[in-house]
Amino acid sequence: MTEPLLSIRGVTAYYGAIAALKGVDVDVGEGEIVTLIGANGAGKSTLMMTIFGAPQARDGAIVYDGQDITRTPTHKIAQLKIAQSPEGRRIFPRMSVVENLKMGAAVTGYAHYDADLQRMFEIFPRLKERANQRGGTLSGGEQQMLAIARALMSRPRLLMLDEPSLGLAPLIAKQIFAVIAELNRTEGLTVFLVEQNAYHALKLAHRGYVMVNGRITLSGAGRELLEREEVRAAYLEGGR
Amino acid sequence: MPDAHAGAAAPSVFAVAFKDAALAALVALGLAAPMLGLVTVQTQSGIELEQHWGRVAIAVAIVFAGRLLLNLTLWRPGRKKSLGYVPPKVEARLARFAKYLAPLAILGAVVMPMLPFTERYAIDLGILVLTYVMLGWGLNIVVGLAGLLDLGYVAFYAVGAYSYALLAQYFGLSFWVCLPLAGILAAFWGVILGFPVLRLRGDYLAIVTLAFGEIIRIVLLNWYWFTGGPNGISGIPRPSFFGLDFDRGDDGFAATFGLDYSPLHRIVFLYYLILALALITNFVTIRLRRLPIGRAWEALREDEIACRSLGINTVNTKLTAFALGAMFAGFAGSFFATRQGFISPESFVFMESALILAIVVLGGMGSQFGVAVAAVVMIGGFELFREFSDYRMITFGLVMVLIMIWRPRGLVSTRSPSVFLKEKKAISGSLVQEGHG
């Protein structure tokens, strides 16, 4: 494999005295979909936040596109064409859908705003119907679409998604995964996907990592992990 | 037992109402007995307790009867409650009407001093109201748009007022030179305050800004040789009209324009001055809302973490909000100084901050028109109640409680988006669940 787009080496992170990440190594290659699965409280979302610099890693290094971003402030990281759809969506509830999307384009200086807005409406036609509605009045699935679309408005090279299927009807979750796969295939968008929905995530991803208690315990190709006995037992059986 | 209520005989409505009223009366007795019943009186031998049990009885009786009446009428169980206090249809119609209301209000404000029946008192009151409209609009940037709860806003008002007063006193600078300087100095202090509180939000931010407001006031009070302390600064020069003073002299305003001298000229001039300053504040705010920085403020109010992960520098965004809000307070402060001709720390107490904040909250955070209406109602209302100044604060509190019950998001709770797709559409505040919007 050539030099990965994002490389995480021995990263530890703490909330006060509690270690949330205990030395994590993850690589995300250009054009790949990489997923990170694990149970509640394994540290998946913490890793996601640590890549974005909040909380910052205590030890280890995070290198993106040959640049060390371990100590870079969050808003500077966002300017490096990494976009994040954070846990809990975090859309702006009192602002309209279009305003939310425009906020996503802030980092590009609105250079491609009009074209990108049209593109988002093509990818997520539901957002066009709701364009002038408040973000807070959207349904959960629509809010998730909005969060992803807002992240895409910055024309990222690397898109990081935290639990995009959380709290969604299976059909909507499937739609969202289909969109992610489509963007990866047609535009070569690199995706780092944190998920609890292990079955869908591993089916979609090229490679996957399994996290337990702040450590990576397993890694491999997505389909391969799907077949592994320990993964099936822990994350799939009955949970499909 | 599956259902305890079904088994027992349902108590009559009257019994329940009576019991509830009796409980309320008991609470009233507990409160009234020490507060109304016992009065300390100064006598020659010291302090004596005077007893007024009649008053207590009256208070308890009123509470009991009132509660009983309400329980049997308005609060009667099973009484159908009206859905929402303002139907959406009416609200939509009001919103459409509001579009014409704002220009009409501005027109009214411009014409008011020229009307034949307008007296000096009305213009004076207009100046006072407009000062608070301007302060409300300035604070609206910080609280309404950026969502930073600032309880020490009056500090910047004080900085503006003292900047002008001191610059005029020590360097003899004129109002027109000092106006921008006062704004810049206040903005500078806004940034000074902004830096240490960058990490704070909500209640914590409110406490620190409250303390900041007090620090400024106490420094002004105790820095005797520089600020005059509690004596304040008097003889602050009045503003001139492009270099023409409003006096009886041959080169005064009246003589130059061939008018008979009248002290009213200056009052009218001050009125238009504060009107212009307020409208500038409004115009700047409306423009900024449509620019990236304004949108960033609003996004910051909604979700700071999301903002940062979208590449917004939240430090700069907060500091600009503080600085701009403070700048307008500085302008208003130097206007206040030149209008009064005398300032002292007494004018910049916490009550002022609370009043300005109340104007913003009652008007509807982020709504320019609502803030203006709230300022007129509050300050105008204060003037109306001047006769009964003892009851002023009670009425003030009552109005606040009522508005918060009926319009929990303030008088004007609609927020019109700054970016549209095709047609413009205001979104009603009532469409979003309380606490989630």
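A residue is called buried if 20 or more other C-beta atoms lie within 10 Å of its own, exposed if 12 or fewer do, and partly exposed in between, with C-beta atoms placed from the backbone. The structure is a predicted model, in which local features need pLDDT of at least 70 and side-chain atom pairs count only at pLDDT 80 or more, while totals for chains, interfaces and linings use all residues. Residues are numbered from 1 along each chain as its sequence is written, and chains are lettered from A and ligands numbered from 1 in the order in which they are written.

**Exercise 1. Determine which residues of α7(A) are buried and which are exposed.**

Step 1. Locate the helix. Helices (H or I, at least four residues) and strands (E, at least two) are DSSP runs, numbered from the N terminus. Helix α7 of chain A comprises residues 170-187. With 18 residues, α7(A) reaches 26 Å from its first C-alpha to its last, close to the 26 Å expected at 1.5 Å a residue; the expected span is 1.5 Å times one less than the number of residues.

Step 2. Sort the residues. A:I176, A:F177 and A:I180 are the buried residues of α7(A). They cover an arc of only 95° around the axis, and therefore lie on the same side of α7(A); the arc is that of the directions from the helix axis to the C-beta atoms. On the other side of α7(A), the exposed residues are A:L171, A:A178, A:E182, A:R185 and A:T186.

Step 3. Identify the cover. Two residues are in contact if their C-beta atoms, placed from the backbone, lie within 7 Å. The cover of the buried residues of α7(A) includes α6 (140-152), β8 (190-195) and α8 (198-204) of chain A.

Step 4. Inspect the end of the helix. Just after α7(A), A:G188 adopts a positive phi of about 65°.

**Exercise 2. Describe the open sheet of chain A and find its edge strands.**

Step 1. Two strands pair if DSSP finds at least two bridges between them. The order of the four strands is β2-β1-β4-β5 (chain A), with antiparallel pairing.

Step 2. β2 (18-28) and β5 (67-68) of chain A each have a single partner strand, so one side of each is left without a neighbour in the sheet.

Step 3. Strand β4 (residues 59-64) of chain A joins β5(A) over two bridges in the antiparallel sense. There, A:Y64 stands opposite A:Q67 in β5(A).

**Exercise 3. Characterise the side of chain A that touches chain B.**

Step 1. Chain A contributes 27 residues to the contact and chain B contributes 28 residues.

Step 2. On the side of chain A, α2 (74-78) and α3 (97-104) of chain A are the elements giving two or more residues. The largest share, five residues, comes from α3(A).

Step 3. The residues on this side divide into eleven nonpolar, eleven polar and five charged. Ala, Val, Leu, Ile, Met, Phe, Trp, Tyr, Cys and Pro count as nonpolar, Asp, Glu, Lys and Arg as charged, and the others, Gly among them, as polar.
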